[in-house]
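I opened the model to look up a few packing and backbone details. My entries follow the display.

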Amino acid sequence: MQTLLVIKAHPQTDTSNSLAVADEFIKTYQQTHPKDQIITYDLYDPEGVPALNELTLSAWKKKKVGKPLSKEEDQLLSRHQAWLEDFIHADKYLFVNPMYNHFLPAELKQYLDLTAVAHKTFKYTSNGSVGLLQGKKAMHIQAAGDIYHEQPLKHTVRFLWQKLTKGSSNISCLLTDLGSLYLTNMLNFYGVKDISSIYVEGADKYPKKRAEILANALKNAKIEAEKF
């Protein structure tokens with residue numbers, strides 16, 4: 001049995017294409033992987049992602065030197081630990097979000113900050129940092145009103161790197177989805193190299209094609225879920 005950790009970073013609107021595609025992915029995954037466990041984190045839950053603020057930093061310092069924590073500090077660190085442990089022990093990840101202004105929702109960025117913990121998801125070495133989550137895999141489902149991905153993300157990243165290293169200035173079109181690039185970079189940092197994606201794009205730019213765009217994404221979700 002393996003564990004699929006679903007991270008939903010969406011305010012749960014009824015018209016969400018990314019959530020609709022994610023629901024189809026999860027339904028198919030359950031049917032084709034009946035023995036696997038699915039854990040879902042809703043980053044827009046009223047409690048929200050455990051905070052990284054002054055209270056968090058103070059609590060970490062106290063814990064490091066053995067000072068007693070207040071009830072509020074203890075509860076905050078307990079939530080941090082629980083969320084982190086679920087992330088570490090999952091075998092597979094499903095990230096679901098809309099594109100917000102060419103990036104990820106703030107809640108998903110905060111979640112990635114929460115999971116970036118030395119000696120837990122990565123470690124420092126004399127040759128640089130090394131990810132500690134090797135062998136895991138991830139799926140990213142993202143919706144956007146325009147079209148940003150006419151080729152797979154892994155090819156876009158490779159092409160972007162080639163352009164940057166050659167000093168090309170014609171790369172602005174590749175910098176319109178910094179969120180996917182950032183998520184991929186963070187997962188690679190953790191050692192997760194097997195990353196797939198489903199982009200639901202163009203529904204706002206081409207409203208007459210909205211149903212067709214969603215139908216194609218739902219079909220793709222079923223195919224990807226079966227082999228995930």
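These notes cover a helix pair, a helix face, a loop and a strand residue.

**Ground rules.** I am working from a predicted model, where local features need pLDDT of at least 70, side-chain atom pairs count only at pLDDT 80 or more, and totals for chains, interfaces and linings use all residues. Residues are numbered from 1 along each chain as its sequence is written, and side-chain values use heavy atoms, with hydrogens and water left out.

**Entry 1: H1 and H7.** I took helices as DSSP runs of H or I with at least four residues and strands as runs of E with at least two, numbered from the N terminus. I looked up H1 (residues 17-32) against H7 (residues 210-227): they pack at about 30°, with axes 8 Å apart. That makes H1 roughly parallel to H7 (angles under 35 degrees count as such). The axes are lines fitted to C-alpha atoms over the stretch in contact, and angles run from 0 to 180 degrees between N-to-C directions. H1 passes H7 in a right-handed crossing (the near helix is turned clockwise from the far one by less than a right angle).

I then listed the contact (heavy atoms within 4.5 Å). H1 contributes Asn17, Ala20, Val21, Glu24, Phe25, Thr28, Tyr29 and Thr32. The H7 side includes Arg210, Leu214, Ala217 and Leu218. The contact residues divide into nine nonpolar, three polar and five charged. Here Ala, Val, Leu, Ile, Met, Phe, Trp, Tyr, Cys and Pro count as nonpolar, Asp, Glu, Lys and Arg as charged, and the others, Gly among them, as polar.

**Entry 2: H4.** Which residues of H4 (residues 106-115) are buried? I noted Leu108, Tyr111, Leu112, Leu114 and Thr115. Buried means under 20% relative accessible area, exposed over 50%, partly exposed in between (1.4 Å probe, protein chains only). Seen down the axis of H4, the buried residues fall within an arc of 155°, so they line one face of the helix. The arc uses directions from the helix axis to the C-beta atoms. Their packing partners are S1 (3-8), H3 (71-89), S3 (92-98) and H6 (178-189).

**Entry 3: the loop between S3 and H4.** Asn101 is in this loop. Its phi is near 50°, positive in a residue other than glycine. Asn101 is exposed, at 73% relative accessibility. His102 is in this loop too. His102 is not a glycine either, yet has a positive phi of about 70°. At 36%, His102 is partly exposed.

**Entry 4: Gln142.** I found Gln142 in strand S6 (residues 137-144). Is Gln142 buried or exposed? Gln142 is buried, at 0% relative accessibility. Leaving aside neighbours within four places in sequence, Gln142 has contacts including Ser18, Asn97, Asp177 and Tyr199.

Technical notes. Parallel < 35°, antiparallel > 145°, perpendicular 65-115°, else oblique.
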